[in-house]
Amino acid sequence: MRFDIVTLFPAIFDGYLTQSLLEKAINKGLVEIHRHDLRDWAADTPHRKVDDRPFGGGPGMLLQVDVTVPCVEDVQQMAQEPPRMILLTPQGKRFDQPMAEDLALSKRVMLLCGRYEGFDQRVVDILQPEEVSVGDFVLNGGEVAAMTIIDGVVRLLPGVLGDENSSVDDSFSRGNRLLEFPQYTRPREFRGHTVPEVLLGGNHEAIAAWRAEQSRIKTQQRRADLLDP
Ligand code: ADE
């Protein structure tokens, strides 16, 4: 799967791209990530200006249509496969597990990261990207949101997680709308906190029943909206 990221701050992704899971996926050839610096499409060197004040007044600066659209069009041509184009914005459709599962089926995804007050509206009108938000809060730009999407999608690709870390039992995956049950490892006791007895007995039916019950209780307490959407 190929990701093309359009951003003013390509270096933000440096650490993330070299962390273990993603680096392994890249080295195995399962994922390709290409970053494109929007400033490379700015016309007026040496300032390489990409933004300007909004018509009608108001705070902040907008990313300009005459820089962004040619950039995106050029990036689109850099591979055969036409990309699913996503523009990160707090005004977008909320990113969730079904969207991650759907994106994991595509061969190529392009992520447009806004900064400042966002893009000139004509970027959206002309390119018609899917507008996506990672939550009801405002980030300083789309970069962290883009990493969130890549992270959520890449772990669903076959071969990325080992069998021992399969994603199929995840909360929210494939219709699973329960939060995960609590888990324990050694030591059996720490500062008087012990592991629930049922997990130590080796009765797999009892363990499964306990876990299902714990999932239900946790979901009821924290996210009742998932039980009764
Ligand atoms: N850019 C700024 N805030 C954002 C959010 N919540 N989701 C996606 N992109 C953003």
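A pocket here is an open set of grid points, on a 1 Å grid over the protein atoms alone, with protein on both sides within 12 Å along at least five of seven lines. The second largest pocket holds about 340 Å³ of space. The largest pocket holds about 470 Å³, and the ligand sits in that largest pocket. The model is predicted.

**Ligand site**

- The residues around the ligand include Leu88, Thr89 and Pro90.
- Val132, Ser133, Val134 and Gly135 are also among the residues around the ligand.
- Phe137, Val138, Leu139, Gly141 and Ala145 belong to that shell too.
- By class, the shell has 8 nonpolar residues, 4 polar residues and no charged ones.

- Thr89 places a polar backbone atom 3.2 Å from a nitrogen atom of the ligand.
- For Gly135, a backbone N or O atom lies 3.2 Å from a nitrogen atom of the ligand.
- Leu139 has a polar backbone atom 3.0 Å from a nitrogen atom of the ligand.
- On its own, the ligand has 260 Å² of accessible area, and the protein covers 96% of that.

**Elements around the ligand**

- Two elements give two or more residues to the shell around the ligand: strand E5 (84–94) and strand E7 (130–133).
- E5 supplies the largest share of that shell, with 3 residues.

**Largest pocket**

- The volume of the largest pocket is about 470 Å³.
- Its lining has 25 residues, and those closest to the centre are Leu88, Thr89, Pro90, Gln91 and Gly118.
- E5, helix H5 (121–127) and E7 each give two or more residues to the lining of the largest pocket.
- E5 gives the most to this lining, with 5 residues.

**Second largest pocket**

- Which residues lie nearest the centre of the second largest pocket? They are Asp96, Gln97, Pro98, Phe172 and Arg177, out of 14 lining residues.
- Helix H4 (97–103) and helix H8 (224–227) are the elements that give two or more residues to the lining of the second largest pocket.
- H4 gives the most to that lining, with 3 residues.
- The lining of the second largest pocket counts 4 nonpolar, 3 polar and 7 charged residues.

**Backbone features**

- Most residues other than glycine have a negative phi, and most peptide bonds are trans.
- Arg186 and Pro187 are joined by a cis peptide bond, with omega about 5°.
- Pro187 is in the loop between helix H6 (143–154) and strand E8 (189–190).
- Tyr116 is a residue other than glycine with a positive phi, near 55°.
- Tyr116 is placed in the loop between strand E6 (108–113) and H5.

Key
Residues are numbered from 1 along each chain as its sequence is written. This is a predicted model: local features need pLDDT of at least 70, side-chain atom pairs count only at pLDDT 80 or more; totals for chains, interfaces and linings use all residues. Side-chain values use heavy atoms; hydrogens and water are left out. A residue is near a molecule or strand if one of its heavy atoms lies within 4 Å of it. A polar contact is a pair of N or O atoms within 3.5 Å; within protein, one must be able to donate a hydrogen and the other to accept it, and residues adjacent in sequence count only if both atoms are side-chain atoms. Accessible areas come from the Shrake-Rupley method with a 1.4 Å probe; for residues, only the protein chains shown count as cover. On a 1 Å grid over the protein atoms alone, a cavity is a set of points where a 1.4 Å probe fits but cannot get out, and a pocket is an open set with protein on both sides within 12 Å along at least five of seven lines; lining residues have an atom within 4 Å of a point. A molecule sits in a cavity or pocket if more than half of its atoms lie within 2 Å of its grid points. Helices (H or I, at least four residues) and strands (E, at least two) are DSSP runs, numbered from the N terminus. Ala, Val, Leu, Ile, Met, Phe, Trp, Tyr, Cys and Pro count as nonpolar, Asp, Glu, Lys and Arg as charged, and the others, Gly among them, as polar. Grid points are joined across faces, edges and corners, and a volume is the space filled by probe spheres set on the points.
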